[in-house]
Amino acid sequence: MLYPLLWMFGSSFKPDSQIFAQLSPLPRHLDFANYVKGWTLGSGTSFATFYVNTFIVCTGTIVGNLLSCSLAAYAFARMKFRFRRFWFAVMLATLMLPFHVTVVPQYIIFNTLRWTNTFLPLVVPKFFAVDAFFIFLMVQFIRGIPVELEEAAMIDGCGRFGMFSRIILPLIKPALVTTTIFTFIWTYNDFFSQLLYLNTETNYTLSLGLRQFMDASGASSWGPMFAMTTLSLVPVIAVFLFFQKRLVEGIATTGLKG
């Protein structure tokens, strides 16, 4: 499992002539030319721009999912309204709907709004609770919280929003951390949506920037591509290692306890 990663890391220090000439992942000597060449990309746009764009998109999607999905989950778990079970079932049914089914109408809408070649199509929908998986995750977590806590707060004069912000949100922190991690990883690794809506190189994210190393004929600049791929993996690995305990806790306790 680790060999491909080691091979990629070692190949990032090799010239193109040696990458496929030997099976050993270890380079004969460390050469950082691939990192210098890959970072500048040779097109006037450095990988620093791609990093900034990626983190802008990831931050927007994380904030949108945390706000909208937590509110929607609280409504489904605690509030009583007409056809609540029906709409909850419809929400769960969207999990089985492939993304490619809705991509054409979505693109038409965003193109009509003149949002193409901007970050808006990637960020704005997240503020409308479009990720049913995270809603379901939080609903199950909220259902494990005793209702008596909210009833006591209601007796003390606390409103719905106060109960949500002061009682529910602190108790579902593991679910919120899980949502943050998965949203970051999925957005960070996304390629299709970003390829669809981003057309200018200055707006590219990391996944689109890595594609720049392959030209129209299919030829690739392997050394710089492996070097930048190695650097692009660092944030994902760091986030996973840093939040690993919270991630396992969020998944293991969902629906079991508050």
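Predicted model: local features only at pLDDT ≥ 70, side-chain atom pairs only at ≥ 80, totals over all residues.

**Entry 1: the second largest pocket.** I began with the lining of the second largest pocket and sorted its residues into 8 nonpolar, 1 polar and no charged. For that sorting, Ala, Val, Leu, Ile, Met, Phe, Trp, Tyr, Cys and Pro count as nonpolar, Asp, Glu, Lys and Arg as charged, and the others, Gly among them, as polar. A pocket here is an open set of points on a 1 Å grid over the protein atoms alone, where a 1.4 Å probe fits, with protein on both sides within 12 Å along at least five of seven lines; lining residues have an atom within 4 Å of a point. The lining is made of Leu2, Leu5, Leu6, Met8, Phe9, Thr230, Leu233, Val234 and Ile237. Helices α1 (3-11) and α14 (222-242) each supply at least two of the lining residues. I noted a volume of about 160 Å³, meaning the space filled by probe spheres set on the points, which are joined across faces, edges and corners.

**Entry 2: ground rules.** Residues are numbered from 1 along each chain as its sequence is written, and side-chain values use heavy atoms, with hydrogens and water left out. Helices are DSSP runs (H or I, at least four residues), numbered from the N terminus.

**Entry 3: the largest pocket.** How much space lies in the largest pocket? I found about 990 Å³. Its lining has 29 residues, and Phe99, Gln106, Lys126, Val130 and Asp131 lie nearest the centre. By kind, the lining residues are 17 nonpolar, 9 polar and 3 charged. The helices that each supply at least two lining residues are α4 (47-78), α6 (99-112), α7 (120-123), α8 (132-143), α11 (173-189) and α12 (192-197). Of these, α6 gives the most, with 4 residues.

**Entry 4: salt bridges.** Side chains of opposite charge can pair when their charged atoms come close. I searched the whole structure and got 2 salt bridges, each a side-chain nitrogen of Lys or Arg within 4 Å of a carboxyl oxygen of Asp or Glu.

- Asp131 pairs with Lys126, with the closest N and O atoms 3.2 Å apart. Asp131 counts as buried at 18% relative accessibility, and Lys126 is buried too, at 19%. Buried means under 20% relative accessible area, exposed over 50%, and partly exposed in between (1.4 Å probe, protein chains only).
- Glu150 pairs with Arg78, with the closest N and O atoms 2.3 Å apart. This pair links distant parts of the chain, Glu150 in α9 (residues 147-155) and Arg78 in α4, 72 residues apart. Both partners are buried.

**Entry 5: helix α3.** Which residues of α3 (residues 33-40) are buried? I listed Asn34, Tyr35 and Gly38. They sit on the same side of α3 because they cover an arc of only 95 degrees around the axis, taken from the directions from the helix axis to the C-beta atoms. Their cover includes α1, α4 and α14, where contact means heavy atoms within 4.5 Å. The face turned away from the buried side carries the exposed residues Val36 and Lys37. Val36 has a relative accessible area of 56%. From Val36 to Met225 I read 11 Å, C-alpha to C-alpha, although they are 189 residues apart in sequence. After α3 comes Leu41, whose phi is positive, near 65 degrees.
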